[in-house]
Amino acid sequence: MIQAFSPLVWLSLALLVPGAENALPNSSKAPTFERDIQPILTRHGCNAGPCHGKARGQNGFALSLFAYDHDFDHASIFGQARGRRANPESPDESLLLRKAAGSMAHGGGRKLPTDHADYQVLRAWVAAGGPRTPESAPKLSKITVNPERRLLEPKASQPLQVTAHWSDGSTTEVTSLALFSSSESVIAAVDPKGMVKAGPLPGEAAIMARYMDQFAVCPILIPQKSSAKQAKSGWQANNRIDSLVLNKLNELGLEPSGTASDAMFLRRAHLDIIGTLPTPIEVEAFLVDQSTNKRSKLVDTLLTRPEYADFWANKWTDLLRPNPYHVGIKAVMNYDAWIRDQFRQNRPYDQFVRDILTSKGSTFEDGSTVFYRNRREPEELTTMACQLFLGIRLDCAKCHHHPFEVYSQADFFSLAAYFSRIGRKGVGISAPISGGEETILVASSGSVNHPITGKLMQPAPLYGKAPEVAPDADLRESFATWVTSPENLNFSKVMANRVWAELMSRGIVEPVDDLRATNPPTNGPLLDHLAETFRQGGYDIKKLIRHICASHTYALESKPEENNRLDNRNFARHYRQRLRAEVLLDAVSDITGVPETFQGMPPGSRAIQAWTVRFESQFLDAFGRPDPNQDPPCERLGQTTVVQALHLMNSPNLERKISEEKGRAKALADAITTGKKQPDQVVRELYLRAYGRPPLPAETEKCLSQLDSLTKKGLKNREWVEDMMWALLNSPEFVFKD
Amino acid sequence: MASHKRAPFHGPSRRDSLQLGLTALLGGGLATALRATDAIEVNRPAVAKACILIWMDGGPTHYETFDPKPDAPAEYRGEFKTVATTTPGVFFSEHMKKLAAQFGKLSVIRSIRHDQGNHGAGNHYMMTGAPPRIPVGCGAFVSFHPSMGSVVSHELGAPPGVPPYFSMSGMARSGGPNFLGESHAPFVVDGDPNNPNFRVRDVQLPSGMVSLRHERRASFRRQIDTYRRDLDKAVADPAVALDQHYNQAADLMQSESAQAAFDLTREPLRVRELYGRNAFGQRALLARRLVEAGVPFITINDGGWDHHSKLFEALNKRLPAWDQTVAALITDLDQRGMLDSTLVIALGEFGRTPQVNKDGGRDHWSNAMSVLWAGGKTPGGQVIGSTDKKGFSAFERVLSPENFASTIYRKLGINPDKLLYSPNGRPNLIVSDPNPIRELMG
């Protein structure tokens, strides 16, 4: 079959624009599979997850997800359905073409009308017998987007142009075959043709273009119109964080909010650093303290409190601590104790990670070895370690090249090879209780093979350099050195971002452990600065916390200004956050004066000290502790729900705490009855406990008028205190942190 | 209650709320954009509005329930005789008398099989429609995928203030929400509803609290609440979201019809007797009342079906009452005109071994299991599939847990082929094989 015309020339005529090099290396040849056809199948969504790209295909026609397996796809088109799918003798009868054109019923609808350029390419290719792209053909080295970045007015438009760069130095315009998406389609949307349309609101968005296995990102910035160049009065740059935040705010024309009051700062710092409310004495003392450095003194003091270790360990147990029904109770307890101990010692973070990655010994004695008891296969260990410590998600790369990622399956299995020589001795997993002692050791042999090619993989890092490994060395040592190396910027970045997110309610990158070019930080220089500070501070987590808490940005009010109300990612104000399940339960226990008892823990234990999430607690479940049956790392969403509202309102356990004979409400009521305390003192105490601030005169007034309205003799004081306690615990000012 | 407009149950998540403000102003947004890519979604109208899942934890025997083998040698057949159903030639095991007598209202699948022969994994497979991703042990409680109840909560919601997914008592091992988050976790109701002092926790006032005082407290709260709200949607103030939930909760407390739904004592004694005066019976009755209140998914988590020993002794005691409760539930739903819109399904994680063991019990066996299915316009009187002559394995019309889960979703008007996105953006099909069991679809 002879081609009357070259479809690529035909195509390029329609697309050629000045500026794109007129260099189509294959222009005189028939279209070939890898180079010409796969981009079309990808562009039109044929091999996407919901369609033929899912593992079982769609209606018997399966393609590899986003074209990661060319052999499979070619065989699927030409080798199946008895030649009906692609028929070079009568191409127009091919199912591939008829379905795509909608001349036959197609679940995906009419994708390519017969007069579409891509249809013509497909047809020509089928007619030519479906040739593969020769090995010698130029390879795609990268794509670029023009413009590289753009400032737009609200509602303005900007077309994007995508250029493919080939290994022989040639370029092709591929805009019509590129796929576009926006990180914030409300701020700036992009249509399938690459036209960016700014919305009416200021903000920023990253527009991503992808073509074959490459992508490029074009940041779009839409500044606020009435650009406020001057920071609000009261703003002061305490450290570098503040100038970097302000730079970004200026760029967007946003103004920072005012400064938090002392009481707000105190409650915030307590909840952020030790996960515990300040006591009335602590509040009163802080408010009367006249020293100018009282805020930094407070942060220093809090960092030395024992609750610090439990609270921050509690965040890390979400990420590390496995399900006891998987690895056994003893191992989990042991791991939990080890994690807490690291935070108690303020262990430098790089050493903490290195210990986990290179751990050896008994799972009943060396807590960190439980990492290897829980995750047993090199693949599982690779994905977990990379997500936790480098902010790189490799779940996708395990099976296919992910369109938004740069890593291939070969990269994945080369990395996994570092975990190929882990030996285990002992009973292993036989949960829940009977799971025996297991010893993690370095095995003398073991290998990882590529799942498709079967090739033996040599250990290699994803990027950068890792120390060479001696034949009988522990491969994990090399891996750990690579992960924790100061040159491995992801290592310090992802932890700096986690700590920032814990203190600021939002990461500079979200999700906090997903760092990649296609998910850019909202403030790159700020993230770089925090990571550098963390590295230079010897990976000291407390130092990093101190640095962030010393910034003016940390001390901003949560109240939005007219000019920053739309901001929810550039830290123009503090973002409200619901208290975490354990913190809230401990706070309820503190305020009511009735501690909670936890199964499997000594009396007097606090929720932030719990070594497992497996014990019963309707309270913790309602407020979103991790699903006890789920594998770590577990992400908490921090949602508010109707079940939470109902639980605070009506839970029998909460009611018991409020009305308990040995509880605070009864004691305070008795103090009134016996004249030891005046009602307004009781109001003050409860406000200090629940809100960390004294009541305003009007608030005291309202509380006292409730007391006056009660008439029942005897029980009057008790009922009043209980009602007030209930009202405070059910109010948003208690549930949220400003 | 049932006529209430369904509200999306979940509040905005932290991540949602970042999107929420702008999205609310303009419509669309990332979530919508992502969903819009589900190009081939096929939505079919719902047949049923609710599902009552009777979970027989431990794995009930298929021989002594719905798949007796009277002609097999004694060591397989067991001790029980059979009872004829209303369909000629179809027999149940002898204790399923009442269900046999109303076989016209229900169907039995005898040929679901899978390869997960331990509790942790079997529970996960049947409760979520997805096999566990890694091998798990028998004692395991694992979650790799949202449970059916959580997906239904996510997709259908419930009337304002009503939790959409109940589990009584306790949560089934894999009954959790996984990546769907705490908004779609089961609302666990503990306690024995046969106990005269029983209250459904949190949706009713706690014991000892009278409504007058509760109202006084609510008014106290209103008066002292000076917390700033940023009503501007763009700010995405989570306190505003909490207010919505709080108001829904308050409405629920004040709604007489809702409060009545949770109150089993309003049920005539005759009906309570009919269901059986035991915890299981009264949970089934409460489940019916919850369906009336608009709850779309209720799991009755009924333990103790792991009969490794003394199976016949145990089942002689247990099955008649079980038969009575399930038959009463189906009859009652039918008489109230609710059966066509309510699915009733009974199963466990797997069937049990063909040969009675030396302790007079049967062990785990995932090669065959029987599932009872009624309601939601499911054609009655039919047996779907079969096991071989000795009950070793699903033999004809072999079906998978995926087919099973997809049937439930289809009946409830949820497309099992839909993608749900985890918070980190990873797409997950609700069920990997969206083909329902056609005989049940009607």
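**A sheet, a helix and a contact**

Guide: In chain A, 3 strands make an open, antiparallel sheet in the order S3-S8-S7; strands are DSSP runs of E of at least two residues, helices are runs of H or I of at least four, and both are numbered from the N terminus. Two strands pair if DSSP finds at least two bridges between them. This is a predicted model, in which local features need pLDDT of at least 70, side-chain atom pairs count only at pLDDT 80 or more, and totals for chains, interfaces and linings use all residues. Residues are numbered from 1 along each chain as its sequence is written, while chains are lettered from A and ligands numbered from 1 in the order in which they are written.

Visitor: Which strands stand at the edges of the sheet?

Guide: Strand S3 (157-159) and strand S7 (188-190) of chain A do; each has a single partner strand, so one side of each lacks a neighbour in the sheet.

Visitor: How many bridges join S7(A) to S8(A)?

Guide: There are 3 bridges between S7(A) and strand S8 (residues 195-198) of chain A. In one of the pairs, A:Ala189 has A:Lys197 in S8(A) as its bridge partner.

Visitor: Now a helix. Which residues of H9(A) are buried?

Guide: In helix H9 (residues 294-304) of chain A, the buried residues are A:Arg295, A:Leu298, A:Val299 and A:Leu302. A residue is buried if 20 or more other C-beta atoms lie within 10 Å of its own, exposed if 12 or fewer, and partly exposed in between, with C-beta atoms placed from the backbone.

Visitor: Why are they on the same side of H9(A)?

Guide: They are on the same side because they cover an arc of only 100 degrees around the axis, taken from the directions from the helix axis to the C-beta atoms. The face turned away from the buried side of H9(A) carries the exposed residues A:Lys297 and A:Thr304.

Visitor: What do the buried residues of H9(A) pack against?

Guide: They pack against helices of chain A: H7 (262-273), H8 (280-288), H10 (306-320) and H20 (541-549). Residues are in contact if their C-beta atoms, placed from the backbone, lie within 7 Å.

Visitor: And between the chains, how many residues does the contact take?

Guide: The contact takes 69 residues from chain A and 78 from chain B. On the chain B side, H8(B) gives the most, with 8 residues.

Visitor: Last, how much of chain B is buried?

Guide: Of its 442 residues, 57% are buried. Chain B has 14 helices and 16 strands.

Notes
Two residues are in contact if their C-beta atoms, placed from the backbone, lie within 7 Å.
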